[in-house]
Amino acid sequence: VGETVAVYARLVRAQVRAQTRYKTSFVIDLIATTLAAGLDLGTVLVLFRVAPNIGGFGVRQGFLIASMAGCGFASADFVMGNIDRLRNIIRLGTLDAAMVRPLGVLGQLLASEFAARRIGRVVQGVTVYGIALAAAHVRPTAAHAVMVVLAPLCGLVFFSAWFLAGATISFWWIDSGEFASGFTYGGRDFVAYPVTVYSGLFRRVFGYGLGFAFIAYYPGLVLLDRPDPLGLPGWTGWGTPAVAAVAAGVAALLWRIGVRQYRSSGS
Amino acid sequence: VANLTASVGRSAASWPPVRYRTFVALVSAGFRRFSTYRQAALAGAFTNTVFGFLRCFVILAVAHGSGNRAAGYDSAQLVTYIWVSQGLIATVGVWGDSALSERIRTGDVVADLLRPVSPVVSYLATDLGRAGFAVLTRFVAPVLVGAFAFDLYVPRHLLTYPLFAVAVLLATVVSFACRYVVNATAYWLLDARGPLLAWMLVSNVLSGLYFPLAFLPGWLELALWWATPFPYLLQAPVDVLVERHSLAGSVGLVAGGVAWSGLCLAGAWYVQKRGERRMVIQGG
């Protein structure tokens with residue numbers, strides 16, 4: 001096992017070395033990706049400038065939920081985001097090369113497509129999350145401390161699962177284009193606002209059916225000591241790890257089926 | 001090289017820069033080229049629709065939180081703003097592509113320069129053809145879904161419809177010219193990734209895709225409208241459609257679109273001329 005980890009570490013190190021070789025280019029990339037993540041949270045603040053309360057939440061509470069979501073998404077994007085290049089990899093037939101090597105296919109793809117610049121987003125996300133926690137006056141209890149760490153970690157697993165599942169679709173539908181973004185980036189936008197904002201079938205499907213409500217909204221309620229206006233019990237936020245685990249399980253299963261039935265482009 | 005320089009010097013003085021029939025043929029070729037990607041268009045329309053629902057609920061909550069009017073828009077106008085802007089992303093081509101900069105980097109652009117039509121004109125024609133196909137798929141699909149699920153704003157003046165169509169056409173031209181300039185930086189930088197990223201960053205938020213520009217502080221909004229082309233990518237056509245201003249105001253927005261598309265095209269033309277002088281053909 002130690003040997004395998006060492007090989008992956010080597011692959012990642014090689015990528016980082018290659019990407020940081022052109023320093024100016026790398027720094028511009030790093031700044032741009034960091035700023036791009038800032039725009040999403042900036043949008044939340046602009047909306048709260050127009051309306052003092054959105055879906056029954058004030059700016060401090062709303063911003064805590066948004067930054068918690070942003071933190072989880074940024075780390076998932078850092079670890080798993082580049083898997084969305086799978087479509088091109090299948091099209092070009094380079095997946096075959098990964099298949100004949102004595103390492104896991106997924107691990108190889110993640111290591112060889114690793115984008116070092118996305119670390120900027122993670123750092124930014126964690127910093128803003130810290131500020132939001134302070135601004136929302138979260139009471140410093142042991143349970144809160146656990147939730148503060150647990151929620152973004154579950155977000156990481158959950159969004160990674162969506163990135164993986166979205167990319168796996170290209171095993172069957174090579175022209176899926178932006179289809180998966182509806183759930184990955186769409187999911188991020190969904191999670192950034194209190195679930196009370198949405199209604200009807202859309203809330204039921206996206207929030208509860210697909211599980212996005214459990215990633216930032218319910219953990220956020222736990223941190224804010226608020227009852228759920230939609231009537232679920234107070235401990236719902238603690239179910240987040242279970243939701244993340246189910247998502248990860250389904251994504252892993254899909255990936256297994258996809259890789260098994262993969263036929264090369266034949267060249 | 002002598003041949004190349006000679007032919008690059010071609011159409012500089014001639015006006016018009018392209019014959020009408022050539023232009024139409026190029027537009028229809030662009031339409032046909034992009035109409036082969038039907039599945040990708042379907043996938044894209046689906047994603048626009050998901051984002052339409054998402055942003056629509058959020059903006060309605062914002063409207064609700066500020067007394068059912070936000071920055072002068074009522075709920076129906078806001079809902080229309082969301083669905084139409086989702087439909088316009090791909091039509092106007094706000095996000096753009098890196099095709100030209102790639103061709104400059106690899107040296108393939110030399111094939112474009114050898115043709116009797118300036119690349120600014122031929123790329124514009126192709127882009128208009130692309131937009132034409134996008135209207136039929138990426139614009140119509142989300143707007144129809146939005147119309148089924150929510151109450152959209154129905155324009156009071158009949159004239160608003162043709163004005164909106166013109167505003168969308170102008171937005172496509174402004175967007176094209178801006179993206180052309182961004183891509184053409186590759187003549188100097190070889191790798192236009194930095195400028196492309198910067199374009200992605202500012203065009204999204206400053207064109208009014210994330211929220212109506214009227215949500216911003218007044219001085220900032222004013223500066224954007226008067227000093228940058230960004231509002232003419234999305235906000236202007238949408239404001240025309242939801243009749244944010246009087247009919248005269250809508251005509252004014254279209255006039256602004258004419259001015260900016262002229263200015264941006266002239267900019268693209270100038271950058272192309274300078275770039276040709278600067279260019280080193282890569283490869284053998």
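Predicted model: local features only at pLDDT ≥ 70, side-chain atom pairs only at ≥ 80, totals over all residues.
A residue counts as buried when its relative accessible area is under 20%. By that rule G65(B), at 19% relative accessibility, is buried.

When contacts in chain A between residues at least 6 apart in sequence are considered, 75% of them join residues at least 24 apart. The charged side chains of chain A comprise 22 positive and 12 negative ones, and the centres of the two sets lie 4 Å apart.

Chain B has 13 helices and two strands. Its C-alpha atoms fill a box of roughly 70 × 40 × 35 Å, taken along the principal axes. Buried residues make up 53% of the 284 in chain B. The chain exposes about 12600 Å², of which carbon and sulfur atoms supply 68%. Among contacts in chain B with a separation of 6 or more, 83% are between residues 24 or more positions apart. Chain B carries 21 positive and 12 negative charges, whose mean positions are 8 Å apart.

How do the two chains meet? The size of an interface is often given as the accessible area lost when the parts come together. Chain A and chain B bury about 2900 Å² between them, and 73% of this area is on carbon and sulfur atoms. On the side of chain A, the residues that lose the most area to chain B are V50(A), E178(A) and F202(A), which together account for 18% of what that side buries. In terms of residues, 36 of chain A are in contact with 30 of chain B.

Apart from neighbours within four places in sequence, G65(B) is in contact with A51(A), P52(A) and N53(A). Within its own chain, the C-alpha atom of G65(B) is separated by 25 Å from that of V143(B), which is 78 residues away along the chain.

Helix α3 of chain B also takes part in covering a helix of chain A. Helix α9 of chain A, residues 181-191, is mostly covered, with nine of its 11 residues buried. The buried residues of α9(A) include G182(A), F183(A), R188(A), D189(A) and V191(A). Their cover includes α2 (23-50), α3 (59-80), α8 (142-168) and α10 (200-209) of chain A, together with α3 (38-65) of chain B.

Two further buried residues belong to helices of chain B. R179(B) is found in helix α8, residues 160-184, and is buried, with a relative accessible area of 8%. Leaving out residues up to four places away in sequence, R179(B) touches V92(B), G93(B), G96(B), D97(B), D127(B), R130(B) and W199(B). S261(B) lies in helix α13, residues 247-278, and counts as buried at 6% relative accessibility. With the same exclusion of residues up to four places away, S261(B) touches L170(B), V173(B) and V174(B).

Two loop residues complete the account. D225(A), in the loop between α11 (217-224) and α12 (240-261) of chain A, has a positive phi of about 55° although it is not a glycine. This aspartate is partly exposed, with a relative accessible area of 43%. In chain B, A71(B) lies in the loop between β1 (69-70) and β2 (73-74). A71(B) likewise is not a glycine, yet has a positive phi of about 50°; its relative accessible area of 30% makes the residue partly exposed.

Technical notes. Residues numbered from 1 in each chain as written. Chains lettered and ligands numbered in written order. Heavy atoms only, no water. Contact = heavy atoms within 4.5 Å. Lys, Arg positive; Asp, Glu negative; His and termini not counted. Charge placed at Lys NZ, Arg CZ, Asp CG, Glu CD. Helix = DSSP H or I, 4+ residues; strand = E, 2+ residues; numbered from the N terminus. Buried < 20%, exposed > 50% of the residue type's maximum accessible area, 1.4 Å probe, protein only. Buried area = accessible area lost by both parts, 1.4 Å probe. Areas by Shrake-Rupley, 256 points an atom, 1.4 Å probe, with all protein chains shown as cover.
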